[in-house]
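Student: Could you walk me through this model? I would like to begin with the strands and then turn to the charged side chains.

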Amino acid sequence: MTSFSDIGRAVDRLAGYYSSLNIPKEDGTSSNPPEQVVAVLTSTAIDETLLEIALAKIGLSSLLLSINNSVAAVAHLCKQTKASHLIYGTKYEATAREAQTALASEGISIEILPERRFPLWGKGGVRESKIVSVKPRFTPDEEARRTCVILHSSGSTGFPKPVYITHYGLIANASHSLPKTGFSALPLFHGFGHFSM
């Protein structure tokens with residue numbers, strides 16, 4: 001059975017991994033740096049939730065991309081949100097590479113990275129490894145008005161449009177929804193699916 005401490009260890013392991021790749025990029029000039037967006041294109045699972053939490057812990061905003069988006073829509077959303085990186089699941093490597101090429105043709109650089117997962121249980125799981133706790137980059141007061149996650153519209157009338165959700169907005173919505181019983185099979189990049197996680 002997975003415990004909250006296992007989830008915390010998995011988040012720390014992911015946060016440590018992505019920090020080691022110099023994400024977020026440090027400019028060393030400000031204690032309150034500009035927001036940095038990292039796009040995520042992967043299958044919905046507990047791993048995507050853990051990745052979103054880990055990225056928030058190290059001060060990044062996650063752009064959760066629908067796996068149903070075309071390459072043009074992925075590139076458009078990355079451009080609109082000024083995403084610096086695109087983390088992709090193994091099934092979506094071709095889409096990530098094509099979006100990177102499309103953006104490069106417009107003079108826009110985006111680094112693409114394969115998704116890294118750490119198992120919650122079993123061989124190589126978080127209980128078997130020593131994990132150094134990662135300190136949150138911002139205090140709750142510092143991050144309250146910063147963007148936590150970016151979802152997007154369906155794009156049924158054109159390209160999808162980004163929807164920015166602050167840390168404050170995410171917590172306010174969660175506190176409103178927590179007392180309600182429900183079940184959702186919608187993916188995390190879908191608004192209701194995300195808020196039902």
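The conversation below takes up strand pairing, backbone angles and salt bridges in turn.

Tutor: Please keep in mind throughout that this is a predicted model.

Student: Understood. Is strand β5 buried or exposed?

Tutor: Strand β5, residues 147–152, has six of its six residues buried, so the rest of the structure largely encloses it.

Student: What cut-off does "buried" imply here?

Tutor: A residue counts as buried when its relative accessible area is under 20%.

Student: Which way does β5 run relative to strand β2, parallel or antiparallel?

Tutor: The pairing of β5 with β2, residues 61–64, is parallel and consists of two bridges. Within this pairing, V149 of β5 lies opposite S62.

Student: And how many bridges join β5 to β6?

Tutor: Five bridges connect them, and the two strands are antiparallel; β6 covers residues 162–166.

Student: Changing topic: what is the phi of N22?

Tutor: N22 has a phi near 65 degrees, which is a positive value in a residue other than glycine. N22 sits in the loop between α1 (4–20) and β1 (37–41). The relative accessible area of N22 is 42%, so this residue is classed as partly exposed.

Student: What about K82, what is its phi?

Tutor: K82 is not a glycine either, and its phi is positive at about 60 degrees. The loop that holds K82 lies between α3 (71–81) and β3 (85–88).

Student: Is K82 buried or exposed?

Tutor: K82 is exposed, with a relative accessibility of 68%.

Student: On to charges. How many salt bridges are there?

Tutor: The count comes to five salt bridges. Side chains of opposite charge can pair when their charged atoms come close.

Student: Which residue pairs with D47?

Tutor: D47 forms a salt bridge with R117, and their closest N and O atoms are 2.9 Å apart. The two residues belong to distant parts of the chain, 70 residues apart: D47 is in helix α2 (residues 46–57), whereas R117 is in the loop between β4 (111–114) and α5 (140–143). R117 is partly exposed, at 33% relative accessibility.

Student: What is the partner of E106?

Tutor: E106 forms a salt bridge with K79, with a separation of 2.6 Å between the closest N and O atoms. This pair also links distant parts of the chain, since E106 lies in the loop between α4 (93–104) and β4 and K79 lies in helix α3, 27 residues apart. E106 is partly exposed at 45% relative accessible area, and K79 is partly exposed at 37% relative accessibility.

Student: Then R97: what does it form a salt bridge with?

Tutor: The partner of R97 is E93, and the closest N and O atoms are 3.0 Å apart.

Student: How are R97 and E93 placed in helix α4?

Tutor: They are four residues apart in helix α4, so about one helical turn separates them. R97 has a relative accessibility of 41% and counts as partly exposed; E93, at 32%, also counts as partly exposed.

Key:
Residues are numbered from 1 along each chain as its sequence is written. This is a predicted model: local features need pLDDT of at least 70, side-chain atom pairs count only at pLDDT 80 or more; totals for chains, interfaces and linings use all residues. Side-chain values use heavy atoms; hydrogens and water are left out. Buried means under 20% relative accessible area, exposed over 50%, partly exposed in between (1.4 Å probe, protein chains only). Two strands pair if DSSP finds at least two bridges between them. A salt bridge is a side-chain nitrogen of Lys or Arg within 4 Å of a carboxyl oxygen of Asp or Glu.
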